[in-house]
Amino acid sequence: MIYQFRGRTVPGTLGDGLLKDWIHRCDTQHERCAPPSEHRKAFLKGSTIRLIDVEERRIVLDTRQEREYVALSYVWGASTQGSLTSHTFKRFSSPNGIPEDPDTIPQTILDTIRLVRDIGFRYLWIDSLCILQDDDRDKLRHFPHMDTIYSCASLVIIAAAGQDAHAGLPGVVRGRRAWQHNGNLDSVPFITAQPSLCEALERTMWNDRGWTFQEAMLAHRTIVFTDRLVYWNCHEDCWREDLACEVTLASIKKNYRTSLWASMLDRISCNTRIYCDHVMRFSRRHFKEDGDVLWAFVGVLKSEAFRFLKGSIWGLPYEILDTALLWIHGGQEASYRLRFPSWSWMSASTDVRFLHLCEEFVVCKVTWHKPLLIGRDATPPICLESIEVDFNGISGKCTDQQAASLFSALRQEKVVLHYGLLQFTAQAAQLDIKWADVNDSDNMDHWVDANACDISGGIIGTLRVPSSFFNSAKTWPSETILLSANAEDIEDEICKRLKPLDGEWGNVVHVDGCKHVKDYNIMLIEWRGDIAYRAGLGKATQAAWDKLETRDKRIILG
């Protein structure tokens with residue numbers, strides 16, 4: 001028998017029958033979609049979380065972490081209306097304390113409470129109502145565990161409709177505008193359908209919000225609400241309202257258009273490529289608070305920890321540090337986030353991309369030393385003072401209280417994540433950095449191409465630097481260091497290709513000094529005291545760099 005997709009009429013008001021059917025099918029047919037039991041047992045061991053009891057409409061404490069719950073991923077918007085604070089805690093903790101009033105509680109939250117009750121769950125986790133929003137200590141207690149909260153949820157509801165938390169879940173209370181057309185084409189009946197899940201999410205505000213990246217990535221199964229349609233996405237299947245595709249032989253194929261976890265489905269042997277893909281997609285997101293960037297990516301790093309057993313420093317895995325350092329800004333505006341080191345992509349306030357996506361083609365040219373780790377080799381205030389600088393002249397000194405707020409909760413995650421300054425010895429050369437486009441007169445600080453020139457004026461390479469680096473001059477003498485070399489995909493008796501994996505040969509692993517090197521990766525640095533800062537990144541030709549007068553220099557990179 002041949003199965004094909006059959007169109008389905010999407011009603012103006014969503015009933016709970018289809019959603020319950022999806023949940024039942026997943027519960028009974030999918031082994032990979034349930035949160036791991038050992039993960040749930042370890043969840044916030046010795047602590048408690050708050051949940052919303054949707055039947056009693058109040059906040060409760062889950063002291064044993066044994067209750068099944070649903071989590072909400074949504075867009076707050078500008079308003080903090082209806083949040084849990086020290087002033088609303090007593091009221092919201094009382095029976096029927098959470099009012100059914102959209103002037104008090106955002107419509108998206110009201111609709112979610114109703115939906116969760118209708119589909120048979122009792123408990124719900126929503127950040128605005130389960131974390132005290134006016135208590136920094138409570139936030140710091142929860143932020144390192146956001147990954148666990150979403151990965152242990154029985155179901156994650158994604159509210160991707162509208163611009164903020166007042167949009168609601170279309171079809172739950174408010175009816176949806178009719179959009180489908182049907183008819184006959186050459187005597188064949190047809191009905192129109194919506195784009196695939198990921199295409200529908202592309203232009204939503206939800207897809208632009210920073211926190212939602214890991215919220216969706218770490219979920220095991222989701223129900224996604226868009227303006228026109230509801231989708232189901234779990235680790236096994238992709239279903240949707242407008243197509244009858246629940247039958248196995250007529251199921252939707254999981255790929256980058258239909259599944260939130262497509263990158264995990266790819267059989268890619270290169271861990272570096274997987275990491276770089278996560279970073280590039282995450283860096284396109286935006287945040288109200290720049291400091292949230294670290295927290296919003298911690299869950300991704302923890303979920304990928306099995307790939308990088310040595311852990312990471314400021315989000316860059318130690319095993320692939322040579323490649324992870326080779327990021328550049330994708331946007332034109334030259335701006336930076338404070339609190340993050342200049343060499344970490346987390347310091348970029350625009351999207352980033354990498355010069356290379358696979359570690360095997362990058363050959364290390366520095367000698368790495370043990371990093372200066374915060375709380376171990378240096379005090380937080382000293383380290384943060386060295387970090388909090390940007391090229392626009394905005395700088396800030398870190399107080400003891402600020403340092404404690406940032407790092408107190410991070411120390412418990414140090415098995416996976418380290419925080420500090422890089423130390424290494426590298427070849428350094430004095431070069432003249434010249435603005436390549438002398439006719440560029442844009443007064444705004446932006447990224448420009450610059451030529452790296454030797455003392456005779458010969459161009460040895462190019463760099464991407466902020467225009468403010470030059471001040472009023474178009475040429476600026478500066479120090480540049482050699483980070484790594486780029487090699488070709490060629491093997492010989494020294495550089496061997498990895499053994500077959502799943503029937504396919506891996507990449508060639510190159511060594512320092514091999515003959516396959518094409519060019520070098522160089523970093524432009526600025527000194528402030530004894531600390532160097534990344535000012536730009538680019539490439540140099542191997543022959544030109546090797547002719548320079550260089551000296552080995554110990555670098556502490558802030």
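Is arginine 57 buried or exposed? I looked this up and found arginine 57 buried, with a relative accessible area of 8%. Buried here means under 20% relative accessible area, exposed means over 50%, and partly exposed is in between, with a 1.4 Å probe and protein chains only.

**Entry: what I am reading**

I am working from a predicted model, in which local features need pLDDT of at least 70, side-chain atom pairs count only at pLDDT 80 or more, and totals for chains, interfaces and linings use all residues. Residues are numbered from 1 along each chain as its sequence is written, and side-chain values use heavy atoms, with hydrogens and water left out.

**Entry: positive phi**

I placed arginine 57 in the loop between strand S2 (49-53) and strand S3 (58-62). Helices (H or I, at least four residues) and strands (E, at least two) are DSSP runs, numbered from the N terminus. Phi of arginine 57 is positive, near 50 degrees, and the residue is not a glycine. Most residues other than glycine have a negative phi.

I noted asparagine 96 as another non-glycine residue with a positive phi, near 60 degrees. Asparagine 96 sits in the loop between helix H3 (89-92) and helix H4 (107-118). Asparagine 96 counts as exposed, at 58% relative accessibility.

**Entry: aromatic pairs**

I searched the whole structure and got 18 aromatic pairs. Rings of Phe, Tyr and Trp (its six-membered ring) pair if their centres lie within 6.5 Å; planes under 30 degrees apart count as stacked, over 60 as edge-to-face and the rest as tilted.

I then looked at phenylalanine 143 and tryptophan 295, a tilted pair at 5.7 Å centre to centre with 55 degrees between the planes. Phenylalanine 143 lies in the loop between helix H6 (136-142) and helix H7 (146-151), and tryptophan 295 lies in helix H12 (residues 292-303), so this pair ties together parts that are 152 residues apart in sequence. Both phenylalanine 143 and tryptophan 295 are buried.

I took tryptophan 314 and tyrosine 419 next: the ring centres are 5.2 Å apart and the planes stand at 80 degrees, so the pair is edge-to-face. Tryptophan 314 is in the loop between strand S13 (312-313) and strand S14 (316-317), and tyrosine 419 is in the loop between strand S19 (417-418) and strand S20 (420-435), so parts 105 residues apart in sequence are tied together. Tryptophan 314 is buried at 0% relative accessibility, and tyrosine 419 is buried at 6%.

I also noted one aromatic cluster, formed by Phe213, Phe282, Phe287, Phe297 and Trp345.

**Entry: the strands beside that pair**

I traced an open sheet of 3 strands in the order S14-S13-S19, with mixed pairing. Two strands pair if DSSP finds at least two bridges between them. S14 and S19 are the edge strands, each pairing on one side only. S13 and S19 run parallel over 2 bridges, and serine 312 stands opposite leucine 417 in S19.

**Entry: strand S21**

How many of the 7 residues of strand S21 (residues 447-453) are buried? I found 6 of the 7 buried, so S21 is largely enclosed by the rest of the structure. S21 pairs with S20 in the antiparallel sense over 4 bridges, and asparagine 451 in S21 has lysine 434 opposite. S21 also pairs with strand S22 (residues 459-466), again in the antiparallel sense, over 7 bridges. Aspartate 449 has arginine 464 in S22 as its bridge partner. The hairpin of S21 and S22 has 5 residues between the strands, and in it glycine 457 takes a positive phi near 95 degrees.

**Entry: glutamine 214**

I found glutamine 214 in helix H9 (residues 212-217). Glutamine 214 is buried, with a relative accessible area of 2%. The side chain of glutamine 214 reaches the backbone nitrogen of glycine 299 at 2.8 Å. Not counting residues up to four places away in sequence, glutamine 214 touches several residues, including Met146, Asp147, Trp295 and Gly299; contact means heavy atoms within 4.5 Å.

**Entry: charges over rings**

I looked up two arginines. Arginine 534 lies over the face of tryptophan 327, at 3.7 Å from the ring centre, and arginine 285 lies over the face of tryptophan 206, at 5.7 Å. A charge sits over a ring if NZ of Lys or CZ of Arg is within 6 Å of the ring centre and within 35 degrees of the ring normal.

Key. A polar contact is a pair of N or O atoms within 3.5 Å; within protein, one must be able to donate a hydrogen and the other to accept it, and residues adjacent in sequence count only if both atoms are side-chain atoms.
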